[in-house]
There are 2 protein chains.
Amino acid sequence: MIQIAILGLGTVGTGVAKVVAENARQIERKLGEPLQVKTILVRHFKDGPYRQLMTDDFRKIEEDDDIQVVVETIGGVDAAYDYTRRALEAGKHVVTANKQLVAERGCELLVLARRKNVNYLFEASVGGGIPILHPLTQCMAANRIDEVYGILNGTSNYILTRMVRTGAFFTDALREAQAKGYAEADPTADVDGIDAGRKICILADLAFGHQVDPANVPMEGIRKLSLRDVKIAQRAGYRIKLLGRALRLPGGKRTAYVAPHLIAEDAPIASVEDVFNAVMVRGNATGEVMFYGKGAGELPTASACVADVMECLQVSPRREEIGWSPETEGFVDPQELQTRYYFRIEGSLTDAAMAFGQVEVLSEDGETAFLTDPISGEDAARQAQSLNVLACMRVLP
Amino acid sequence: MIQIAILGLGTVGTGVAKVVAENARQIERKLGEPLQVKTILVRHFKDGPYRQLMTDDFRKIEEDDDIQVVVETIGGVDAAYDYTRRALEAGKHVVTANKQLVAERGCELLVLARRKNVNYLFEASVGGGIPILHPLTQCMAANRIDEVYGILNGTSNYILTRMVRTGAFFTDALREAQAKGYAEADPTADVDGIDAGRKICILADLAFGHQVDPANVPMEGIRKLSLRDVKIAQRAGYRIKLLGRALRLPGGKRTAYVAPHLIAEDAPIASVEDVFNAVMVRGNATGEVMFYGKGAGELPTASACVADVMECLQVSPRREEIGWSPETEGFVDPQELQTRYYFRIEGSLTDAAMAFGQVEVLSEDGETAFLTDPISGEDAARQAQSLNVLACMRVLP
């Protein structure tokens with residue numbers, strides 16, 4: 001009998017308890033013995049099926065030698081960080097879906113885990129139930145990873161899908177997402193690119209082996225996105241998607257950012273709709289591979305946590321180093337990247353051509369929408385100075 | 001310094017040597033020491049960069065205690081089986097891309113590997129460079145896997161793509177694939193579903209935990225596929241794809257088969273084109289997740305082999321059981337599955353309705369093309385007995 005503890009009993013915590021119970025047979029067959037949730041840390045006791053397991057005292061878990069793995073589902077940094085540190089110090093494996101904690105302090109927690117000869121695993125922190133971190137670090141280990149990008153936030157992708165399909169304005173699509181439970185009352189983290197930003201940081205950390213500090217990563221969401229641009233893009237054979245993107249650059253440098261992009265409609269990621277997520281990884285041997293599925297939700301995310309629990313127990317004492325260097329040197333402002341840009345301006349094609357030379361016109365309906373040749377973000381801003389810019393977005397190469 | 005041997009120096013074998021050399025820095029950073037190809041088994045000596053490493057005597061590898069991992073890239077069953085067995089007996093890990101050997105004798109070789117406390121890994125045998133077996137068995141370990149299906153053969157997918165895009169006949173598209181090096185002079189294994197069949201067997205073995213014998217799996221390819229059906233399907237909002245498909249059935253039963261299917265055009269797998277592969281896995285917690293990328297080719301396949309080599313060395317002494325039961329009991333003829341069927345008949349809608357009751361008409365242009373309600377394959381055959389059937393395919397639910 002292997003015993004674990006869950007910290008927090010929100011969506012993911014409840015899901016972990018459910019998956020352990022519902023798939024007990026599959027799990028036991030693979031582990032060779034049953035897996036059991038022994039203790040659940042809560043702030044307030046509530047009646048329900050797990051009432052017997054609840055405690056509000058973390059020391060009950062910390063000091064319990066029967067508990068081999070702690071699943072942290074509290075979220076945020078403060079308490080989650082403190083409990084994670086203490087659990088690792090106590091020689092327990094820790095598994096989490098907490099992208100904020102991993103993005104901000106994962107490097108340090110991995111060092112601690114290594115020192116205590118236990119695992120700190122967080123597959124569920126990116127892409128929910130989609131296997132992505134493990135394939136990236138293990139299955140693609142023989143590659144030099146050159147680029148990672150993806151639709152990393154289901155809520156904003158749902159909103160964009162509604163705008164494309166039904167011609168809804170952003171505000172109406174957001175209200176619809178909230179009514180369906182896909183978006184929170186305060187949707188900031190989702191629609192302003194913060195959630196996607198944390199995830200692209202974790203992907204970049206693992207892909208390039210250096211800490212990418214979320215504070216350095218420009219995060220632009222979809223709040224300012226106009227229905228007009230959605231329609232122009234669509235008519236011209238593009239889709240607009242909110243992407244997190246990280247690139248390896250020459251000279252050991254790297255960059256990462258979150259922003260809406262125009263994507264050619266025949267690219268595989270362009271057809272990822274609704275609340276689905278997809279992550280594309282480009283390795284120098286494998287080429288582009290894509291991972292697709294539901295990026296959130298109780299059971300998908302929980303099942304990724306439970307798989308990590310099983311991994312902790314199967315690969316004993318611990319998996320080889322999946323950490324990264326704390327060194328943030330070499331992070332470059334993504335404005336230096338050369339990409340094509342989409343502009344919509346209050347002005348004529350002549351205005352566009354005077355600013356950018358040759359451009360590809362997408363629409364000339366009162367305003368002018370066009371694509372530039374590949375240029376840096378700095379050049380794009382400088383050359384557009386004389387224009388009345390209504391919208392500006394990168395085009396995914 | 002970690003030393004390995006390669007058996008065979010064809011496409012994959014050469015690729016393994018290249019990946020080890022080109023990505024030496026990435027590999028050393030992860031392993032903590034350099035990885036080196038010490039010996040390559042060939043039948044005939046050839047000049048070239050690897051001349052110094054060649055031997056034609058397997059005992060040079062078998063008896064060399066410096067060699068920790070053997071990468072088998074010979075293909076087929078006879079010699080490959082013999083060498084694999086001997087390498088495992090000698091206490092060496094074995095890694096392969098050999099889908100035929102894994103599908104036919106993988107179960108037995110995994111038992112031997114377990115007995116000798118070494119790994120037998122074969123990520124590259126399905127999907128080339130796309131991580132799929134590892135995510136299926138490890139990352140989705142907390143799921144009960146209910147279904148796996150995929151576009152598992154790049155050659156036939158390329159041919160189908162050309163038929164859709166350019167209206168080419170099968171024979172012309174095949175010649176084009178051969179000219180581009182995507183199809184062999186003898187394309188049987190690719191276009192007759194045998195290659196896809198071996199891969200769906202391996203996926204089913206791992207997903208359901210029981211041996212699925214390739215001899216029991218009906219394999220239908222695309223050789224008889226008519227351009228007419230491709231066009232009718234496309235106009236009706238479907239794509240035709242060659243799928244390998246395996247399902248868990250009630251009562252501990254399972255089935256698997258390979259056949260062309262109609263797929264609704266908005267399904268993610270419908271837009272997988274050219275030589276790309278994609279595998280969809282449905283878990284009871286995670287839902288559907290899809291893995292996409294180049295399913296073949298020298299470097300993608302080789303990089304998956306090298307990642308398995310690294311896995312062998314990092315997870316010491318061996319990864320927990322990824323094997324399956326040799327028990328083939330419980331395999332059910334896929335004719336028992338209930339699916340919608342596509343028919344094209346020499347006859348009228350009245351003929352169709354008399355045979356099948358209510359049907360959905362796709363085309364009535366001289367012939368009649370229609371979709372039935374979900375029925376078993378036996379019922380489909382029985383009810384169609386009175387009809388002059390020109391084409392019959394399953395529709396993916």
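This is a predicted model: local features need pLDDT of at least 70, side-chain atom pairs count only at pLDDT 80 or more; totals for chains, interfaces and linings use all residues.
Visitor: What makes β3 and β6 of chain A edge strands?

Guide: Start with the order of the open sheet, which has 6 strands: β3-β2-β1-β4-β5-β6 in chain A, with parallel pairing. Strands β3 (54-55) and β6 (120-121) of chain A each pair on one side only, and that makes them the edge strands.

Visitor: How do you know that β1 and β4 of chain A pair?

Guide: Pairing asks for at least two bridges between two strands. Strand β1 (residues 2-7) and strand β4 (residues 67-72) of chain A are joined by 5 bridges and run parallel, so they qualify. Within this pair, Q3(A) stands opposite I67(A) in β4(A).

Visitor: And in chain B, why is one side of β3 and of β6 left without a neighbour in the sheet?

Guide: Chain B has an open sheet of 6 strands too, in the order β3-β2-β1-β4-β5-β6, with parallel pairing. Here β3 (54-55) and β6 (120-121) of chain B stand at the edges with a single partner strand each, so one side of each has no neighbour in the sheet. Strand β2 (residues 35-41) of chain B pairs with β3(B) in the parallel sense over 2 bridges, and L41(B) stands opposite T55(B) in β3(B).

Visitor: What makes the meeting of D146(A) and R248(A) a salt bridge?

Guide: The cut-off is 4 Å from a Lys or Arg side-chain nitrogen to an Asp or Glu carboxyl oxygen. The side chains of D146(A) and R248(A) meet at 3.8 Å, N to O, so the pair counts. D146(A) lies in strand β7 (residues 145-151) and R248(A) in strand β8 (residues 238-249) of chain A, so the pair ties together parts that are 102 residues apart in sequence. Over all chains, the count by this rule comes to 54 salt bridges.

Visitor: How many salt bridges does the rule find across the interface of chain B and chain A?

Guide: The rule finds 0 salt bridges there. Polar contact is another matter: 13 residue pairs are found across this interface, both residues at pLDDT 80 or more. On the side of chain B that touches chain A, 8 residues come from α12(B), the largest share. That side divides into 22 nonpolar, 14 polar and 8 charged residues.

Visitor: How much area is buried between chain B and chain A?

Guide: About 3800 Å² is buried, with 54% given by carbon and sulfur atoms. C139(B), A142(B) and Y292(B) supply 15% of the area that chain B buries against chain A, more than any other three residues. The contact takes 44 residues from each of chain A and chain B.

Definitions and conventions: Residues are numbered from 1 along each chain as its sequence is written. Chains are lettered from A and ligands numbered from 1 in the order in which they are written. Side-chain values use heavy atoms; hydrogens and water are left out. Contact means heavy atoms within 4.5 Å. Buried area is the accessible area (1.4 Å probe) that two parts lose on being put together, summed over both. A polar contact is a pair of N or O atoms within 3.5 Å; within protein, one must be able to donate a hydrogen and the other to accept it, and residues adjacent in sequence count only if both atoms are side-chain atoms. Helices (H or I, at least four residues) and strands (E, at least two) are DSSP runs, numbered from the N terminus. Ala, Val, Leu, Ile, Met, Phe, Trp, Tyr, Cys and Pro count as nonpolar, Asp, Glu, Lys and Arg as charged, and the others, Gly among them, as polar.
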